[in-house]
Amino acid sequence: NTSKWCEPLIKKLTIQQKTYKETEIILIDDGSTEDISWVKRYKNIIFKQNNHRGVSAARNTGLDKATGDVISFIDSDDSVSDDYIKTILERIGDADYLTFRYQAINGHTIRFIGMFHVWAVWGYAFKRSLIGDTRFDESLMYGEDIDWLRKIIDCNTSNARTMKKIYQYNYMVNPDSINSRLFNNKPII
């Protein structure tokens, strides 16, 4: 139920996809109850419904559908810069993964600007060769990012960085997000 944020995000990505034609945009719907017919307007995205299997299963479905050499994750209630794809493809080079700066927003107030995020998969772009067959633990309702990152990144993996702020983390803007639910002592569904 993130169309309010997701549709502008998809629009921004499809504009970038016009320059980087081999880019795949994979959208996984995990049981939305709102009208998502707007998705049909975007012909160049891969759309899959997962029906309440959880964030880990959604990420795994995306990984299983992806065919590209570089993979990044974007949460549907977040946003990216106009040069998100370009920056990733230009900066990752021969490294196993790329980290980048981000901006975190709480409502309309900028909370903090992060150098590099180490606990959420949206703060990275990965080479497919690094990910291999490693998938997210579908028994985890939250914290799946940390668990998965620990499985693929170690002292032998190479890292590239960019100082560009290319991701906007909309922290607790969506009242139905897992973070908002945890913070407000609501059940995670």
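Modeller: A polar atom in the side chain of serine 81 lies 3.2 Å from the backbone nitrogen of tyrosine 84. The model is predicted, so that local features need pLDDT of at least 70 and side-chain atom pairs pLDDT 80 or more, whereas totals for chains, interfaces and linings use all residues. Residues are numbered from 1 along each chain as its sequence is written, and side-chain values use heavy atoms, without hydrogens and water.

Biologist: What makes the pair of serine 81 and tyrosine 84 a polar contact?

Modeller: The distance is 3.2 Å, and a polar contact is a pair of N or O atoms within 3.5 Å, one able to donate a hydrogen and the other to accept it, with residues adjacent in sequence counting only if both atoms are side-chain atoms.

Biologist: Why is serine 81 called buried?

Modeller: Serine 81 has 15% relative accessibility and therefore counts as buried, since buried means under 20%, exposed over 50% and partly exposed in between, with a 1.4 Å probe and protein chains only. Serine 81 sits in the loop between strand E4 (79-80) and helix H3 (84-91), where helices are DSSP runs of at least four residues (H or I) and strands of at least two (E), numbered from the N terminus. Leaving aside residues up to four places away in sequence, serine 81 touches Lys12, Gln16, Lys165 and Ile166, with contact meaning heavy atoms within 4.5 Å.

Biologist: Which residues have the most contacts inside the largest nonpolar core?

Modeller: They are Ile10, Trp38, Tyr84 and Tyr167, in a core of 28 residues; such a core is a set of buried Ala, Val, Leu, Ile, Met, Phe, Trp, Tyr and Cys residues joined through side-chain atoms within 4.5 Å. Apart from this core lies another, of 14 residues, including Tyr97 and Leu149.

Biologist: Why are helices H2 and H5 called oblique to each other?

Modeller: Helix H2 (residues 55-65) and helix H5 (residues 144-152) pack at about 45°, their axes 10 Å apart. Angles under 35 degrees count as roughly parallel, over 145 as roughly antiparallel and 65 to 115 as roughly perpendicular, the rest being oblique, and H2 and H5 are therefore oblique. The contact is made by Val55, Ser56, Arg59 and Leu63 of H2 with Glu144, Asp145 and Trp148 of H5.

Biologist: How do you know whether asparagine 51 is buried or exposed?

Modeller: Asparagine 51 has a relative accessible area of 54% and is therefore exposed. This residue is found in the loop between strand E2 (45-49) and H2, and its phi is near 55°, a positive value in a residue other than glycine.

Terms used
Axes fitted to C-alpha atoms, helices over the stretch in contact; angles between N-to-C directions.
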